Amino acid sequence: MIQLRDIYKSFGGTPVIKGATLDVKEGETLAVIGRSGSGKSVLMKHMIGLLKPDSGYVLVDGVDINKLAYHELQKLRRNFGVLFQGGALFDSMNSFDNVAFPLRSFSKKSEADIKRDVLECLDMVELPDVGPKFPPELSGGMQKRVALARAIAMRPRYIMYDEPTSGLDPETSNVIDQMIKSLAVRLNVTSVVVTHDMHSVLTTADRVAFINEGRIWWVGSIPDLHECADDTLINFVRANEYQIGAGGASGNRPHQSVVPRQTN
Amino acid sequence: MTVTLPRILDPFVSLGRFALLLARAFRSVAELGRYSKNIFEQMVRIGIESIPIVALAALFSGAVTTVQTAHQLVSPFIPVSIIGAVVVPSVILELGAVVTGFLLAGRVGARIAAELGTMRVTEQIDALEAMGLNSVGYLIVPRVVAGVIMFPVLYIVACVVAIAGGIFVGHYTGEVPAGEFIAGAREFFRPFDAVFGLIKSLVFGFVITAISCYKGYYTRGGAEGVGRATTEAAVTSCVYILLADLILASTLL
């Protein structure tokens, strides 16, 4: 369980997060939505201690992560898998070594076991043959999938997705969404999906947190979202209305995968 | 709350961040064993791969110094062996270390800053941290350690090549026969000069790698930011080499 309590954060004097309180419950997939620059990614980075709040605190499984010594924080972070916006694969290594990297750094497994684990992870993202390829040789979508394989290599309890579908074509986005959904079940993880893509939200999330003006403006389940009467949220969702409208206010999931996706 | 400081304090803010990064690097030295492979890799990249350009620059600076010293000392009352006695100490004391330093500020410093800067802006450094790895221990410590070890090696290469270049050019231009050059050099040789040169190169190795790592590690703002960090790494390293050179000369000599 991740708990954010009254987080404030500003950069160079500009406040970005102005008092955010949010819970990520065990086993759920929470989508954090909001406009570009609303501080979604900033909030996500607070959850793993990559950013420290100016005030407020972050509890992971009841522990205030900003009070931990650095080596304790490092240990805690091994429970997390993070998919960064651009994938953040190490371009000095091929795909296999990228996925193997956390295993080689932290597990005492033999090279043969590591190889088996890596291939299993690459299989889960449906890219069994890309091992020898270097990141620049892969398409954007493939890079994200290899990065996802790396994120799950250590079998984390939490997976954070930073804009998993941005910059991808609709079809690839659907593939990624389905992966997020199936990994949540298969690996029994708690997921946080930072996105402004409503289609992604409706496919993957159990609950939604909407950030606006630096605050958590609205939190609720997908059915609640359809009933919601908040103008700001409705306007944000309307911008994606193609998906929502056709998906139906019922939030009928099987429907949504055939709905045309709006590309940005 | 973050306090916004006036811009005039920027240099102090940078100095503080640099000091904090160094402190973190020193604390990470304990994990050195884990990253021994990286150190070796960096020693090859920073050291071995720099040998050709360092040797080339040294060859020419040794040759030019010899020719110019010969030009300045034209007098029937001065024995030509003096040329060796002037060239060799200047190479060992100053040229060997400083020419190598400037060259490596460009070659090594820019490379480190560009590499780390790109890793920063593409979130690769965040990815390392998010995995639970110490990015400073993994990226910065091996580079600085490799620099401190390899710069003295490169300095020795530079001195040997520069002196050889001086002897060669002096001999074949007829300014000073090789025997006379060497005799002059030996007569005025002081072992401490070589020690001093080694200390200089070690300090320069630290200055260049530490500054470039700092510039790269804190890069902000995409491709433009990487470009800025790279330039700043090379330029700042050069400036601090000059400063360190003066401080060392005035304290140790």
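Among chain B contacts (heavy atoms within 4.5 Å) between residues at least 6 apart in sequence, 85% join residues at least 24 apart. This is a predicted model: local features need pLDDT of at least 70, side-chain atom pairs count only at pLDDT 80 or more, and totals for chains, interfaces and linings use all residues. Residues are numbered from 1 along each chain as its sequence is written, chains are lettered from A in the order in which they are written, and side-chain values use heavy atoms, without hydrogens or water.

Chain B has nine helices and zero strands. Helices (H or I, at least four residues) and strands (E, at least two) are DSSP runs, numbered from the N terminus. The C-alpha trace of chain B spans about 75 × 40 × 30 Å along its principal axes. Of its 253 residues, 47% are buried, meaning under 20% relative accessible area with a 1.4 Å probe, protein chains only.

In chain B, helix H6 (residues 135-173) and helix H7 (residues 178-187) pack at an angle of about 140°, with axes 8 Å apart. The axes are lines fitted to C-alpha atoms over the stretch in contact, and angles run from 0 to 180 degrees between N-to-C directions. H6(B) is therefore oblique to H7(B); the oblique class is what remains after under 35 degrees (roughly parallel), over 145 (roughly antiparallel) and 65 to 115 (roughly perpendicular). B:Ile163, B:Gly166, B:Ile167 and B:His171 of H6(B) meet B:Ala178, B:Phe181 and B:Ile182 of H7(B).

The largest nonpolar core holds 94 residues, and A:Ile2 and A:Met160 touch the most other members. Such a core is a set of buried Ala, Val, Leu, Ile, Met, Phe, Trp, Tyr and Cys residues joined through side-chain atoms within 4.5 Å. H6(B) gives this core its largest share, 15 residues. A second, separate core of 31 residues includes A:Phe96 and A:Leu103.

Beyond four places in sequence, the contacts of A:Met160 include A:Ile2, A:Phe80 and A:Val192. Strand E6 (residues 80-83) of chain A is covered on both faces: A:Phe80 and A:Val82 are buried on one side, A:Gly81 and A:Leu83 on the other.

Strands pair if DSSP finds at least two bridges between them.

| Pair | Sense | Bridges | Bridge partners |
|---|---|---|---|
| E6(A) and E7(A) | parallel | four bridges | A:Phe80 and A:Tyr158 |
| E4(A) and E5(A) | antiparallel | two bridges | A:Val60 and A:Val63 |

E4(A) and E5(A) belong to an open sheet of four strands, ordered E2-E1-E4-E5 with antiparallel pairing. Its edge strands are E2 (14-24) and E5 (63-64) of chain A.

Technical notes: Buried < 20%, exposed > 50% of the residue type's maximum accessible area, 1.4 Å probe, protein only.
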